[in-house]
Amino acid sequence: MFDDNLPQGTIVGEFEIRRVLGYGGFGIVYEAYEAMLDRRVALKEYFLRGYSRRDGVEVRPSNDDAAEMFTSGATRFVREARLLSMLNERTRSDGSLVAVYRVFQANGTAFMAMKLYEGQTMRNAVHLDPDIVTEPWLIRLMERLLDALHGLHSLPGENLVHRDVSPDNIILQPDGSPVLLDFGATRKANDAQTSLIFKPGYSPIEQYTDSFPLGPWTDLYALCGVAYFAVTGKSPLPAIDRYAGAIFKTASELAAGRFSPGFLALIDRGMAVQPENRWRSCDELRAALDRVKNGTYEVPPPPVLAAPTLIDDQATQVMSSGPGPATQGWPATVTAPPVAPPISVATPAISAPAPAMATLTAPPVHTEAPAPEPAPAASRRPLMLALGGGLVAAALLGYGWQKLQPRPVIDPKLGTASGQAASAVPVVAKTASVPVAAALVPGLACSAESADWGCVLDGLAKLSTAQDLQLRVVPQRLKLGQPITIELAPARDGRLMLLSVDDARDGRLTVLFPNGSDANDRAHAGNALKLPRRPHWDLVARPPLGRSWVVAVLTAQPLAVPAALQQGVPLQDAVRAFSDGRPLALLGVAECTPGAAPSPGECPKSLSLRSADFIID
């Protein structure tokens with residue numbers, strides 16, 4: 001049990017706590033019961049991870065130094081609730097926005113009562129049943145989400161963008177209708193950037209740097225990224241890697257023959273790296289979807305860009321629009337100022353708390369990262385680690401910022417909130433200084449910035465020196481509270497260790513077995529093994545929802561379980577172990593060099609590593 005959550009039966013205002021639904025950087029979400037209206041609700045309690053502590057039912061800053069962060073986070077929490085309430089009152093999104101019933105303060109913190117939605121995330125739904133993804137199904141889903149985004153973008157006088165549209169933040173209800181979650185990253189497009197937050201694969205280039213403008217096209221990039229995930233089964237390449245020239249296979253390349261060319265071209269246009277080449281508004285994208293449905297959408301040729309014409313030392317560049325709608329209505333002339341000096345960013349180390357594995361009997365892992373407002377710096381503010389399912393802060397992940405060759409950056413001048421574009425006029429643009437895409441981490445098929453636990457576990461599997469262990473999790477799909485059984489079939493004698501981790505970027509690799517209740521780690525050839533050995537110990541599905549893994553390690557000699565594994569190894573430390581050339585340090589073999597002759601302190605003999613995933617919904 002996670003010590004920070006309120007116990008079952010606690011009364012908060014008019015709500016009775018029933019169970020925990022999930023944990024995040026901003027707080028804890030419960031299923032609660034409102035007796036006066038005889039309804040179940042989702043009740044979100046503000047509890048800023050790392051900056052809060054529980055004192056009975058009261059919530060307080062963890063110490064004096066945390067008070068400012070705690071208060072700042074509470075302000076953002078209440079702002080999210082009020083924004084959602086305002087959206088539901090002023091817009092017609094046909095139920096695609098989270099319905100907020102009320103926000104109130106109690107016990108030294110704040111609470112948000114929301115509609116309780118049944119269903120699963122779009123990511124889980126597509127992973128579990130890829131056959132649900134048909135062109136009509138996906139177009140209907142995009143249209144419903146466009147309703148939600150149009151409501152956000154068109155709020156009078158607000159000029160808001162969501163900044164966190166992704167498969168993890170879309171709930172598919174039992175009837176198939178989507179609900180867009182998590183508005184904590186929303187801000188005004190024309191506000192000065194106090195923080196840059198992004199989710200690799202779904203955030204466009206303008207969320208990595210303030211050299212590009214934010215606008216409706218920012219969220220439409222993410223929405224088309226969601227469609228890309230649905231038709232290809234994988235997340236898009238991060239925009240920063242694409243900007244730096246990495247090869248990116250488009251939806252038209254990967255899904256040809258299964259979807260119409262027009263629909264795939266529509267997705268690809270929405271994911272153009274340069275903002276001026278994307279859909280400009282929800283209305284424009286909706287009209288394009290209508291043309292796809294009636295068969296009149298024409299696949300446009302790529303825009304033709306004229307060579308830069310140097311007028312003087314100010315390096316004026318003229319860009320001509322190519323045929324087709326891809327650049328129609330955007331400014332044609334861009335003036336770039338003199339090249340600015342490179343931007344530098346401090347990269348502070350992360351020191352996060354160490355929750356244990358969430359999906360099993362150990363305390364649950366957070367699925368969000370905290371998003372307090374950072375203090376401003378001289379040239380660029382520290383970036384924020386924020387919100388639902390792994391929004392990433394570039395500075396905290398160690399991005400190096402380096403000046404690239406100057407490019408013209410078009411700042412589109414939009415008209416009304418309905419998405420009608422103003423006439424094209426010349427605009428002065430800033431020189432784009434953006435982070436250079438990082439190289440692949442040694443031993444991993446991903447960069448440090450785009451790494452996730454799937455990539456790390458694939459890298460660990462490649463360190464196996466033997467293929468003599470089979471592993472599976474039964475059942476592969478579970479409900480909260482359902483017992484989990486891990487089945488193993490070793491082909492040789494050895495010593496066994498089990499680890500677990502969930503799919504969130506702040507998930508931690510944690511030891512499951514051996515443990516204080518069961519220290520017998522011996523495995524015998526030909527003897528199938530089922531864990532846990534009930535009733536001595538048990539494994540049940542706990543929050544967070546989504547994908548998780550069990551990792552089995554079989555060695556000839558027992559491994560000393562390192563303290564870091566018992567506390568939980570965060571993703572950045574796991575990636576760093578590969579970067580340092582010591583990936584097996586994750587298993588407690590600190591001096592091991594893969595491929596070295598086995599001897600004390602070096603790589604263990606006959607190392608077998610296997611992983612198996614499962615879904616909690």
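The following dialogue discusses how several terms apply to this predicted model.

Tutor: In this predicted model, local features need pLDDT of at least 70 and side-chain atom pairs count only at pLDDT 80 or more, while totals for chains, interfaces and linings use all residues. Residues are numbered from 1 along each chain as its sequence is written, and side-chain values use heavy atoms, with hydrogens and water left out.

Student: Why is Lys 44 called buried?

Tutor: Buried means under 20% relative accessible area, exposed over 50%, and partly exposed in between (1.4 Å probe, protein chains only). Lys 44 has 7% relative accessibility, so Lys 44 counts as buried.

Student: How do you know that the span of helix α8 agrees with its 12 residues?

Tutor: Helices are DSSP runs (H or I, at least four residues), as are strands (E, at least two), numbered from the N terminus. The expected span is 1.5 Å times one less than the number of residues. For α8 (residues 282-293) this gives 16 Å, and the end C-alpha atoms are 16 Å apart, so the two agree.

Student: What makes the buried residues of α8 line one face?

Tutor: The buried residues of α8 include Cys 282, Leu 285 and Val 292. The arc is taken from the directions from the helix axis to the C-beta atoms. Seen down the axis of α8, the buried residues fall within an arc of 165°, so they line one face of the helix.

Student: Why are β11 and β12 called paired?

Tutor: Two strands pair if DSSP finds at least two bridges between them. Strand β11 (residues 170-172) and β12 have 3 bridges in the antiparallel sense, so they meet the definition.
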